[in-house]
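Student: Could you help me learn to read a protein model? I would like to see each idea at work in a real case.

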Amino acid sequence: MQVEKGSLSIHSENIFPIIKKWLYSDHDIFIRELVSNATDAITKLKKLKSLGEADYPEGTAFSVQVVLDEEAKTLKFIDNGIGMTGEEVKKYINQIAFSGAEDFLSKYKEGSGEDQIIGHFGLGFYSAFMVADKVEIQTLSFQEGAAPVHWVCEGGTEFSMADGDRTGRGTEITLHLGEDGKDFLTEWSVRKTLEKYCSFMPVEIYLTSIRAEKEKEERRVKAAAEKAEQAAKEDAGAEAVEPEIQEMEPVDIPKAINDTKPLYLKKPSECTDEEYRAFYHKTFVDFKEPLFWIHLNMDYPFNLKGILYFPKLGNQFDTLEGQIKLYNSQVFIADNIKEVIPEFLLLLKGVVDCPDLPLNVSRSFLQNDGFVQKISSHISKKVADKLNSLYKTDKENYGKFWDDINPFIKFGCLKDEKFYEKVKDIILYKDIYGKYLTLPEYLEENREKHADKVFFTSDEQQQSQYIKMFKEHDMDAVLLPHAIDQPFISHMEMKEEKVKFSRIDTDLTDLMKDVDESTAEALKESQEVLEKLFRAALGKEQLTVQVENLKSDKTSAIVILPEESRRMQEMGAMYGFMGMDFGQMQGGETLLLNHKNKLVRHILAHQEDADGAKLFCEQVYDLAMISHKPLDPEAMSRFIERSNQILEKLV
Ligand SMILES: Nc1ncnc2c1ncn2[C@@H]1O[C@H](COP(=O)(O)OP(=O)(O)OP(=O)(O)O)[C@@H](O)[C@H]1O
């Protein structure tokens, strides 16, 4: 072949800088593009053989070799696939590959810049120029009598083509890495990128580092020399002995980067629990056991395969951060694409492979695409189905999983109406006795005591005093401690109009009081006295005091706050920065004093002793406050000081 020079069919001379800048955020995708081209070339050859249009010896080992030469600053992608003839290089590389780049450029010009193109598919071979100053192709087609071709392009729009020197069928692409490619000059970074994009590609991929190979060779030579020297010394000093049998050098068996047959492609009936767990550990590098999983496997009306795992939360404060990896025909596209995966499912961990996805389009297109929306609602329906069948067939385990999965299900209910409708009957509530109940079950059990009212605690420790009282009175409350629970409660109140949720410290039901008409007058009198005393002692002129006979005389005082006031306060704290007046939000609490309690009776009996009354009032108030919410630092130090003072009196 004559050396042929040409000009690539790109109309803008400035395409390179634009593409480099545009793709800077994930300029590692060139590895994915070149490895996918190489695996495609092998897949195509296999297909041709199955059609009788190509041939190769039985047992041929197919692979993609990625070779990094740190010194020469080159990265090679070598395959033993279909190869290309000179004509094909002209057609596929000079025209087609670069037309993808042209397309890209026109999209770039149209777009606002924020409208990122997912995965940048369609850029293909051209993406090599994101990191290389010069790209070479050495290729030999599988076709009988084909001549090898050598193609070179130095990063501009000019290329040259000449006879190549490749002797085996396939293609070798060499990237001469430039300044923009220097991140890929370490074996570690190339391996990481291969693992990211190519973990499930269908042909085995091997990585070789020339530097590492050389070092290994040097070590081997050095060890052999040392051994020989040692042997020579021994020979000189001793009588000739039988040479020892040489120890075998450990043989390095190269290990493929990828798993060519990922578990999600198998039929669910053929997968074992051990395989599901192993796949989870390996793919997400999470060594906690997943709780359970859902294997998505459908061919119609679209092709979708994958596994979604429900991860175990370490503790209540673990961040809910999932990871859903999206693949297109075993090629990694991106993590957590919320246009395709319903947002609440992004809290799970999983892989989803959808070969039918239109990925070379913008995100806003995906958002409005009916097909993509169908995929998304199919996935969420599958998840709801799985949860329902688990509830029906394995209620015990479902209950056990509940602590881990409930924030996720609640988030789903808030985000997705259809999902809520499907799971609403299997939402559980854990009560203060450790039992799991559905809402109708809780309401039914407590119908006589407080119809349509759900008492809950948001913090078991902080509200332990109230929980104790509930237990003493044989009452029940449910635990709703997670941040998601507040919006979830509002959601449930909207859905179940009659039902009201009240925090455990909001109100004292009549069940806890000793209602006796004959003491009403005495209570009223005491209330006036105690309110005055407490207001004066605490310097809180607005304090509301209520005096009741509680069934138990052990508790001196508790703070109660109407549910509405508490929600207003919480909202105020959340949106305080939006100009709401915090001062006005405070308060609303009522100090409830137990008329039966010894301390309260003592205060009443010794009201003339101003100092003593002050000390008692302050301490009783703080004790009630402590079980309602944490004391601020100043109040806390006063409380500690006063407690010491009281103890000293006992000495
Ligand atoms: N390693 C290879 N072996 C054989 N042919 C190849 C190889 N690499 C690229 N080609 C040919 O060049 C063409 C263009 O490649 P390019 O990566 O630009 O686009 P593509 O693979 O067709 O599509 P995509 O944009 O989705 O990657 C391929 O379709 C293929 O015919």
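Tutor: Let's begin with strand pairing: two strands pair if DSSP finds at least two bridges between them. Strands (E, at least two residues) and helices (H or I, at least four) are DSSP runs, numbered from the N terminus. This is a predicted model: local features need pLDDT of at least 70, side-chain atom pairs count only at pLDDT 80 or more, and totals for chains, interfaces and linings use all residues. Residues are numbered from 1 along each chain as its sequence is written.

Student: In which sense do β5 and β6 pair, and over how many bridges?

Tutor: Strand β6 (residues 158-163) and β5 pair in the antiparallel sense, over five bridges. Look for C153, which stands opposite F159 in β6. Strand β4 (residues 132-140) is also joined to β5 by five bridges, and these two strands run antiparallel. There, E136 has V152 of β5 as its bridge partner.

Student: Why is β5 said to be largely enclosed by the rest of the structure?

Tutor: A residue is buried if 20 or more other C-beta atoms, placed from the backbone, lie within 10 Å of its own; it is exposed if 12 or fewer do, and partly exposed in between. Strand β5 (residues 149-153) is largely enclosed because four of its five residues are buried.

Student: Is L326 buried or exposed?

Tutor: L326 counts as buried because it has 23 C-beta neighbours inside 10 Å. You will find L326 in strand β11 (residues 323-328). For contacts, the rule is that two residues touch if their C-beta atoms, placed from the backbone, lie within 7 Å. Leaving aside neighbours within four places in sequence, L326 is in contact with I333, A334, I337, V340 and V352. The C-alpha atoms of L326 and V351 are separated by 6.0 Å, although the two residues are 25 residues apart along the chain.

Student: What is the order of strands in the open sheet of three?

Tutor: The order is β19-β21-β20, with mixed pairing. β19 (544-548) and β20 (557-560) are the edge strands, each pairing on one side only. For angles, axes are lines fitted to C-alpha atoms, for helices over the stretch in contact, and angles run from 0 to 180 degrees between N-to-C directions. From one strand to the next, the twist averages 25°. Helix α14 (residues 520-538) packs on this sheet and touches β19 and β21, its direction making about 145° with that of β19. Strand β21 (residues 590-594) runs antiparallel to β20, with four bridges joining them. Helix α18 (residues 610-626) lies across β20 and β21, at about 50° to β20.

Student: At what angle do α18 and α19 pack?

Tutor: α18 and helix α19 (residues 633-650) pack at about 125°, with their axes 10 Å apart. Angles under 35 degrees count as roughly parallel, over 145 as roughly antiparallel, 65 to 115 as roughly perpendicular and the rest as oblique. α18 and α19 are therefore oblique to each other. In this contact, L615, E618, Q619 and D622 of α18 meet A635, F639, R642 and I646 of α19.

Student: Which residues make the contact between α9 and α13?

Tutor: First, the packing: helix α9 (residues 395-415) and helix α13 (residues 485-495) meet at an angle of about 50°, their axes 10 Å apart. That makes α9 oblique to α13. The contact is made by K410, C413 and L414 of α9, together with P487, F488 and H491 of α13.
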